[in-house]
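Dear colleague,

I am handing this structure over to you. Please look through it first; my notes follow below.

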Amino acid sequence: MDSTVSDSTAPVTFEVLEGRHGRIGRATLNAPKSLNSLSLEMIDLLEGQLSAWQGDDTIQAVWLDANSDKAFCAGGDIVRLYESMVATPQGERNRHAEAFFGREYQLDHRLHTFGKPLICWGNGIIMGGGLGLLAGASHKVLTETARIAMPEITIGLFPDVGGSYFLSRMPGKVGLFLGLTGANINVSDGLAIGLGDVAIAHESKAVVMSALSELNWDSDPQRHDSQVSEALAGFALAADTLPQSPVSEHRDEIDRLCGGDDLSQVVEAITGLDSDDRWLSKAAATLARGCPQTAALVWENWHRGADMTLADVFRMEWRVAVQCALHGDFQEGVRALLIDKDGQPRFKHRSVSDITPAYLAEFYQLPGVPDPLADL
């Protein structure tokens with residue numbers, strides 16, 4: 001397996017694996033100190049190279065991974081977003097937020113519509129923007145250490161990067177529950193709800209890559225997806241070696257808790273839960289101290305997203321994300337969690353019942369600028 005490697009110091013590195021019968025492009029997130037949190041530079045590097053590989057008939061597939069045993073990607077660079085919010089005067093555009101979310105969602109959409117096998121090696125922490133990358137891959141590999149979450153309820157954002165699409169398509173009320181509570185899920189959960197296709201031991205990574213590079217690609221490109229799936233299946237961990245799935249174990253309870261007719265009922269049911277189960281209790285506690293604005297956006301997006309195309313979801317999420325950068329709670333949530341680290345965010349609303357329909361409607365308005373995703 002020969003390869004040509006790009007600049008090894010860049011925050012994303014690229015190489016082409018030369019197999020006996022074809023070529024695989026490899027993109028590696030290379031910012032381990034930040035747990036590979038996506039910066040605008042990383043997004044642009046990925047978008048440029050993936051666009052080139054998408055149009056290169058000599059590239060049969062793409063492999064996406066990270067240079068870290070701790071994390072595939074812990075999310076987006078929200079500290080830089082915080083700085084942009086602090087620097088943006090009231091009533092003015094936040095150009096960094098507009099660019100960041102627009103280009104991130106463009107990249108995520110490209111992954112979903114890539115048209116060639118795109119294998120994502122999901123190891124360790126996979127949160128927020130990292131989940132956006134994983135969800136877009138045609139072949140989602142999860143390792144035994146995968147820890148997945150959309151924890152935006154703690155910072156006043158919302159589960160974006162296509163979350164309004166894939167959360168609304170999970171079984172029953174699972175996606176709604178995960179969005180409201182930011183609950184961590186494991187490899188078994190990921191497989192159960194469609195965020196993973198196969199579980200493979202992290203130590204097998206090199207040998208899996210080698211096996212894929214040796215594939216004798218079928219002359220029909222339509223067969224390439226199934227060839228990759230069959231190859232990956234040969235390395236799958238046995239089901240009885242994987243941890244229990246809290247989502248599967250509590251599926252009926254999740255559907256019951258989220259079965260209310262309105263958001264206030266659902267929030268009351270979850271936060272009022274009296275359970276000695278650690279996973280459920282932690283989820284309930286996270287929602288209880290979370291941002292009411294985020295909960296309202298999760299509820300609205302989960303219902304809207306179920307009937308929307310993927311492109312329309314990204315266009316909606318861009319509007320909502322940019323508005324979040326202008327409405328205060330996102331800035332305050334990041335301050336409390338990552339800047340001052342006092343753990344005491346002062347969100348605008350005390351409860352979801354305090355959020356008026358008029359206030360919520362502001363988040364779905366185009367913020368007075370051209371939509372960068374209009375042509376998706």
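Is Asn301 buried or exposed? Asn301 is buried, because its relative accessible area is 3%, where buried means under 20% relative accessible area, exposed means over 50%, and partly exposed lies in between (1.4 Å probe, protein chains only). The residue sits in helix α14, which covers residues 292-305. Helices (H or I, at least four residues) and strands (E, at least two) are DSSP runs, numbered from the N terminus. Between the C-alpha atoms of Asn301 and Phe114 there are 25 Å, and the two residues are 187 residues apart along the chain.

Before the rest, a note on the basis. This is a predicted model, in which local features need pLDDT of at least 70 and side-chain atom pairs count only at pLDDT 80 or more, while totals for chains, interfaces and linings use all residues. Residues are numbered from 1 along each chain as its sequence is written, and side-chain values use heavy atoms, with hydrogens and water left out.

Annotation

UniProt, in an unreviewed entry, lists residues 24-363 as "domain: Enoyl-CoA hydratase/isomerase". UniProt positions are given in the numbering used here, feature names are shortened, and annotations may be inferred rather than shown by experiment. In the model, the span of residues 24-363 is 49% helix and 10% strand, and its end C-alpha atoms lie 41 Å apart.

Salt bridges

How many salt bridges does the structure hold? There are 17, a salt bridge being a side-chain nitrogen of Lys or Arg within 4 Å of a carboxyl oxygen of Asp or Glu.

One of them joins Arg103 and Asp44, with the closest N and O atoms 2.6 Å apart. This pair links distant parts of the chain, since Arg103 belongs to helix α3 (residues 95-112) and Asp44 to helix α1 (residues 40-54), 59 residues apart. Arg103 is partly exposed because its relative accessible area is 36%. Asp44 is also partly exposed, at 32%.

Arg110 and Glu47 form another salt bridge, at 2.7 Å from N to O. Arg110 is in helix α3 and Glu47 in helix α1, so this pair ties together parts that are 63 residues apart in sequence. The C-alpha atoms of Glu47 and Arg110 are separated by 8.0 Å. Arg110 counts as buried, at 16% relative accessibility, and Glu47 is buried with a relative accessible area of 17%.

Arg335 and Asp342 also meet through their side chains in a salt bridge, at 2.6 Å from N to O. Why does Arg335 count as buried? Its relative accessibility is 8%. Asp342, in contrast, is partly exposed, with a relative accessible area of 35%.

There is also a network of salt bridges, which links Glu15, Arg26, Asp65 and Lys205.

Backbone

Which residues other than glycine have a positive phi? Asn36 is one of them, with phi near 60 degrees. Asn36 lies in the loop between β3 (23-29) and α1, and it counts as buried because its relative accessibility is 0%.

Val161 is not a glycine either, and its phi is positive at about 45 degrees. Val161 is placed in the loop between β9 and α5 (163-166). With a relative accessible area of 0%, Val161 is buried.

Surface patches

Patches are made of residues with over 30% relative accessible area and no salt bridge; like charges are joined within 9 Å, and nonpolar side chains (Val, Leu, Ile, Met, Phe, Trp, Tyr) within 5 Å. Accessible areas come from the Shrake-Rupley method with a 1.4 Å probe, and for residues only the protein chains shown count as cover.

Val79, Leu337, Leu338 and Ile339 make a nonpolar surface patch of about 280 Å². Which helix gives the most to the nonpolar patch? Helix α16 (residues 329-339) does, with 3 residues. Leu338 is placed in helix α16 and counts as partly exposed, at 35% relative accessibility.

Arg147, Arg278, Lys282 and Arg289 form a positive surface patch. Lys and Arg count as positive and Asp and Glu as negative, while His and the chain ends are not counted; the place of a charge is taken as NZ of Lys, CZ of Arg, CG of Asp or CD of Glu. Arg147 is in strand β9 (residues 147-149) and counts as partly exposed because its relative accessibility is 37%.

Regards
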